[in-house]
Amino acid sequence: MPASSVKESRERVAAALANAGIALPQRRITCNLAPADVAKTGTAFDLPIAVAVLVAFGVVDAASVQDAVFLGELGLDGSVRPVRGVLSVARRMAQNGARHTLVLPQANLAEASLVRDLVLCAPTSIGELVSWLGAGHLPRAERVSGGSRAEETSNIGDVVGQAAAKRALEIAAAGGHNVLLIGPPGAGKTMLARRLPSILPSLTEEEALEVTAIHSVAGLLNGSASLTVERPFRAPHHSVSTPGLVGGGSSPRPGEVSLAHHGVLFLDELLEFPRHALESLRQPLEDGRVTIARASSVICYPARFTLIAAMNPCPCSYLGHPTIVCGCAEGDIQKYRSRLSGPLLDRIDLHLTLAPVTLRTLGSRDPAEPSATIRARVEVARECQRKRYAAHLRVTCNAQVSGRVILEDLSVDSAELLHKAAEQMSLSARGYYRVLKVARTIADLALEQSILPVHMAEALRYRPQLTREARPVSTPQGDGAALA
Ligand SMILES: Nc1ncnc2c1ncn2[C@@H]1O[C@H](COP(=O)(O)OP(=O)(O)OP(=O)(O)O)[C@@H](O)[C@H]1O
Ligand SMILES: [Mg+2]
């Protein structure tokens, strides 16, 4: 079941060998890609097919390729060209404890160098490889380390006021919770969300490898790529297709949710996204991965991301504005809001209604807290979580843990508060556990072992109120005193 990129391999291999001066007898050659019932795509099979043919015709000694894995595309001139997904292969080889040499294109060397304990060999052409194999020795390639790609990210201190929103983003960054920002035009929703990366905790080495591997599969790494050091921040436009968002397509590729793995997916103007695209987020938001079923195969991509969404409160977008009167009819507001389904809303932990900052506040010169200070608190809270969940597989933050684990940390008073509020707010089971997790993060930020009522009260405050009134938590004076 080869895709056309694999079928065309026939032409590339034949031309590459001819141009490398390796003459093959004029005979019919059958090449079997086993297992035959697995769909194959991409160009990485060129090099292994060429090597297999050379072994079959006795040009290359079979013993010389015994302990090697081959990967690479061939140019018609015999050059070995880069392919996608090398890091995934390298990681799998290392995980299996393989003692094989990975023979790969030189342009993918930086990527594969990220995996320690793996012997690499990087020929520039098939001719070079054949001469090495003839001599019975695959020379070890020098490991390449690309430079760090850390860019100067913008500072959350640029945003004036909006203390409640900044606090919510700090909680989201610390615990990996999802956020919805609602507010009138120009309130600073997009500005705030785009500055979130500057307060996110750093990636652990394992997380960085996973992120880089996905970006490699998607073909987003260039040759000089190094380990991704920043958490990904993906902000697809609302014209994105459903496969573009969650992955898929005729030759399946990871979508935006997977490219945002261990990072942030920012959906600006949430209601402009097609409804079926939004609904397709429900599975990855719950499971942390996407499963794409095809007639011939099932592909699973990881997708543990933090969702940040922004939208206006009503069609005219001025509902709840302190000075401008909203002219929308009640029915229109309902219709507008109903484009967001209950199940999706239920998966968002922190709902926040922003009011625009007053012009007076905008003019003030009081310095706001810079990203570095907030990030330091976030790192401490994340470290608490990593220690706490050390025994849990694949859990690094509160958002990923099962809610029942956290129940034990509740003080008697906060358990009482949660039960009362849950009944009054008609929380779903999911909502109940999500509030718990947010409260856990708030307690972690406060360096508290157990969850106290003050933490629980703040967490409950972020749950959506099922009323039609949009109540700004950020007062025009700018500060979330109401939270207390
Ligand atoms: N709190 C603020 N501090 C500093 N600048 C602000 C603030 N709020 C808004 N601005 C300014 O207004 C511009 C528009 O803000 P932004 O794009 O974030 O609005 P928005 O809430 O996303 O609006 P819309 O609903 O129209 O998308 C920003 O680029 C910034 O220059
Ligand atoms: Mg905006």
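**Close-up views of a predicted model**

**Figure 1. The loop that holds P35.** P35 lies in the loop that runs between helix α2 (9-19) and helix α3 (46-56). This close-up, like those that follow, is taken from a predicted model. The peptide bond leading from A34 to P35 is cis. Its omega angle is near 0 degrees.

**Figure 2. The loop that holds D117.** D117 is placed in the loop between α5 (109-112) and strand β5 (119-121). The backbone of D117 has a positive phi of about 60 degrees, although D117 is not a glycine.

**Figure 3. The residues around ligand 1.** The shell around ligand 1 is made up of 16 residues. Of these, V160, G186, K189, T190 and M191 come nearest to the ligand. Sorted by class, the shell contains eight nonpolar residues, five polar residues and three charged residues. Helix α8, which spans residues 189-194, gives the most to this shell, with three residues.

**Figure 4. The crossing of helices α7 and α17.** Helix α7 comprises residues 163-175, and helix α17 comprises residues 371-388. The axes of the two helices come within 8 Å and cross at roughly 35 degrees. This crossing of α7 and α17 is right-handed. On the side of α7, the contact is made by E170, A173, A174 and G175. On the side of α17, the contact is made by I374, R377, V378, A381, R382 and Q385. By class, the contact between α7 and α17 includes five nonpolar residues, two polar residues and three charged residues.

Notes
Residues are numbered from 1 along each chain as its sequence is written. Chains are lettered from A and ligands numbered from 1 in the order in which they are written. This is a predicted model: local features need pLDDT of at least 70, side-chain atom pairs count only at pLDDT 80 or more; totals for chains, interfaces and linings use all residues. Side-chain values use heavy atoms; hydrogens and water are left out. A residue is near a molecule or strand if one of its heavy atoms lies within 4 Å of it. Helices (H or I, at least four residues) and strands (E, at least two) are DSSP runs, numbered from the N terminus. Ala, Val, Leu, Ile, Met, Phe, Trp, Tyr, Cys and Pro count as nonpolar, Asp, Glu, Lys and Arg as charged, and the others, Gly among them, as polar. Axes are lines fitted to C-alpha atoms, for helices over the stretch in contact, and angles run from 0 to 180 degrees between N-to-C directions. A crossing is left-handed if the near helix is turned anticlockwise from the far one by less than a right angle, and right-handed if clockwise. Contact means heavy atoms within 4.5 Å.
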